Amino acid sequence: MNKSDKRNPVNIKIGERIKYYRQKAGLTQEEVAEQIGLTQKHISRIESGYHSSLFITIMDIAKSVNVPIDAFTENIDENSNSAIINTIIAEISDMDKTQLEMLKDNIETIKRYSVK
């Protein structure tokens with residue numbers, strides 16, 4: 001049995017989200033580990049989906065990377081609207097006012113011309 005056989009699909013998706021938001025926050029695994037009292041190896045195993053973490057650990061990681069905990073766990077289904085919305089929020093969180101106004105205008109245009 002190889003290592004990938006030991007990974008749970010839910011743990012893999014949560015780990016991918018943790019990695020995404022950690023990188024978005026500009027933090028290394030070492031920095032997150034230090035902030036929450038774990039080792040870098042432990043964070044690596046969480047991000048790789050090899051480790052099923054306690055809820056409190058996931059909460060601590062969410063605080064460290066400054067996202068709500070549900071950003072890691074809400075609607076694990078990649079095709080859900082909530083997962084897409086969380087990704088969009090993360091992407092726009094550091095935009096300035098001008099960029100946000102442009103985005104708002106684009107959203108209004110898309111909504112006007114959307115086929116339902």
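In this predicted model, a side-chain oxygen of Asp96 lies within 3.1 Å of the backbone nitrogen of Thr98, at the start of helix 7. Helix 7 covers residues 97-113. Its length can be checked against its residue count. At 1.5 Å a residue, the 17 residues of helix 7 should span 24 Å. The C-alpha atoms at the ends of helix 7 are 25 Å apart, so the two values agree.

Helix 2 is formed by residues 29-36 and helix 3 by residues 40-48. The axes of these two helices are 8 Å apart, and the packing angle is about 110°. Angles of 65 to 115 degrees count as roughly perpendicular, so helix 2 is roughly perpendicular to helix 3. The crossing of helix 2 past helix 3 is right-handed. On the helix 2 side, the contact involves Gln29, Glu30, Val32, Ala33 and Ile36. These residues meet Gln40, Ile43, Ser44 and Glu47 of helix 3. By class, the contact of helix 2 with helix 3 holds 4 nonpolar, 3 polar and 2 charged residues.

Helix 2 also packs with helix 4, which is made of residues 55-65. Here the angle is about 120°, and the axes are 10 Å apart. Helix 2 passes helix 4 in a crossing that is again right-handed. The contact of helix 2 with helix 4 comprises 4 nonpolar residues, 2 polar and 1 charged.

Helix 1 consists of residues 9-24. The axes of helix 1 and helix 3 come within 6 Å and cross at roughly 120°. That angle makes helix 1 oblique to helix 3. From helix 1, the contact draws on Asn11, Ile12, Gly15, Glu16, Ile18, Lys19 and Arg22. From helix 3, it draws on Ile46, Glu47 and Ser48. The contact of helix 1 with helix 3 has 3 nonpolar, 3 polar and 4 charged residues.

Methods: Residues numbered from 1 in each chain as written. Predicted model: local features only at pLDDT ≥ 70, side-chain atom pairs only at ≥ 80, totals over all residues. Heavy atoms only, no water. Helix = DSSP H or I, 4+ residues; strand = E, 2+ residues; numbered from the N terminus. Expected span 1.5 Å × (residues − 1). Polar contact = N/O pair within 3.5 Å; in protein donor to acceptor, adjacent residues only side chain to side chain. Axes fitted to C-alpha atoms, helices over the stretch in contact; angles between N-to-C directions. Parallel < 35°, antiparallel > 145°, perpendicular 65-115°, else oblique. Left-handed = near helix turned anticlockwise from the far one by under 90°. Contact = heavy atoms within 4.5 Å. Nonpolar A, V, L, I, M, F, W, Y, C, P; charged D, E, K, R; others polar.
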